[in-house]
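Keep the sequence and the 3D view open while you read.

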Amino acid sequence: MAAMPFRMTEWKAEGENPVARVLVIDDSPSVRALLTERLSAQGHVVEEAATGESGAEQAIASPPDVIVTDLVMAGLSGVQLCRLLRNE
């Protein structure tokens with residue numbers, strides 16, 4: 001199994017934490033809102049998807065640095081999503 005290359009979208013000033021582009025995929029609006037709020041407060045650029053299918057489309061069209069996904073969702077589950085993206 002090959003390791004995924006690590007990259008960051010942009011860097012803050014020297015000595016500060018790097019900023020990542022994060023895709024949050026969860027079917028719960030309140031969970032997405034909480035994660036987006038917390039990650040944005042840390043300076044990360046956050047995008048959201050409400051389903052595994054829409055998250056997969058977003059991730060394939062414009063790969064984020066990090067994906068945070070729910071494992072149990074209707075339709076495409078988080079596990080299925082990870083398998084799909086690993087094969088892309």
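## Around D27

Leaving out neighbours within four places in sequence, D27 touches R32, A50, D70, V72, M73 and A74. Contact here means heavy atoms within 4.5 Å. This is a predicted model: local features need pLDDT of at least 70, side-chain atom pairs count only at pLDDT 80 or more, and totals for chains, interfaces and linings use all residues. Residues are numbered from 1 along each chain as its sequence is written, and side-chain values use heavy atoms, with hydrogens and water left out.

D27 sits in the loop between β1 and α1. Helices (H or I, at least four residues) and strands (E, at least two) are DSSP runs, numbered from the N terminus. Is D27 buried, partly exposed or exposed? D27 counts as partly exposed because its relative accessible area is 39%. The classes are buried (under 20% relative accessible area), exposed (over 50%) and partly exposed (in between), with a 1.4 Å probe and protein chains only.

## The chain as a whole

The chain holds three helices and three strands. Along the sequence they follow the pattern β-α-β-α-β-α. Of the 88 residues, 28% are buried. The chain exposes about 5,900 Å², and carbon and sulfur atoms supply 57% of that area. Accessible areas come from the Shrake-Rupley method with a 1.4 Å probe; for residues, only the protein chains shown count as cover.

Take the contacts in the chain with a separation of 6 or more: residues 24 or more positions apart account for 61% of them.

| Pair | Positions apart along the chain | C-alpha separation |
|---|---|---|
| T51 and D27 | 24 residues | 5.7 Å |
| P63 and V22 | 41 residues | 9.4 Å |
| D27 and D70 | 43 residues | 7.6 Å |

## The sheet

Three strands form an open sheet in the order β2-β1-β3, with parallel pairing. The edge strands are β2 (45-49) and β3 (66-69), each of which pairs on one side only. Neighbouring strands of this sheet are turned by 20° against each other on average, direction ignored. Two strands pair if DSSP finds at least two bridges between them. How many bridges link β1 and β2? Five bridges join β1 and β2 in the parallel sense. L23 has E47 in β2 as its bridge partner. V22 stands opposite V46 in β2.

β1 is mostly covered, with five of its five residues buried. In a regular strand the side chains alternate between the two faces of the sheet. R21, L23 and I25 point one way from β1, V22 and V24 point the other way, and all are buried.

R21 belongs to strand β1 (residues 21-25). R21 counts as buried because its relative accessibility is 13%. What lies 2.6 Å from a polar atom of the R21 side chain? The backbone oxygen of S62 does.

## Helix α1

Helix α1 covers residues 29-41, 13 residues in number. At 1.5 Å a residue, α1 should span 18 Å, and its end C-alpha atoms are 18 Å apart, which agrees. The expected span is 1.5 Å times one less than the number of residues. α1 lies across β1, β2 and β3, and runs at about 170° to β2. For such angles, axes are lines fitted to C-alpha atoms, for helices over the stretch in contact, and values run from 0 to 180 degrees between N-to-C directions. Just after α1, G43 takes a positive phi of about 95°.

T51 lies in the loop between β2 and α2 (52-61). At 33% relative accessibility, T51 is partly exposed. Its side chain makes a polar contact of 2.9 Å with the side chain of S54. A polar contact is a pair of N or O atoms within 3.5 Å; within protein, one must be able to donate a hydrogen and the other to accept it, and residues adjacent in sequence count only if both atoms are side-chain atoms.

P63 is placed in the loop between α2 and β3. P63 counts as partly exposed because its relative accessible area is 43%.
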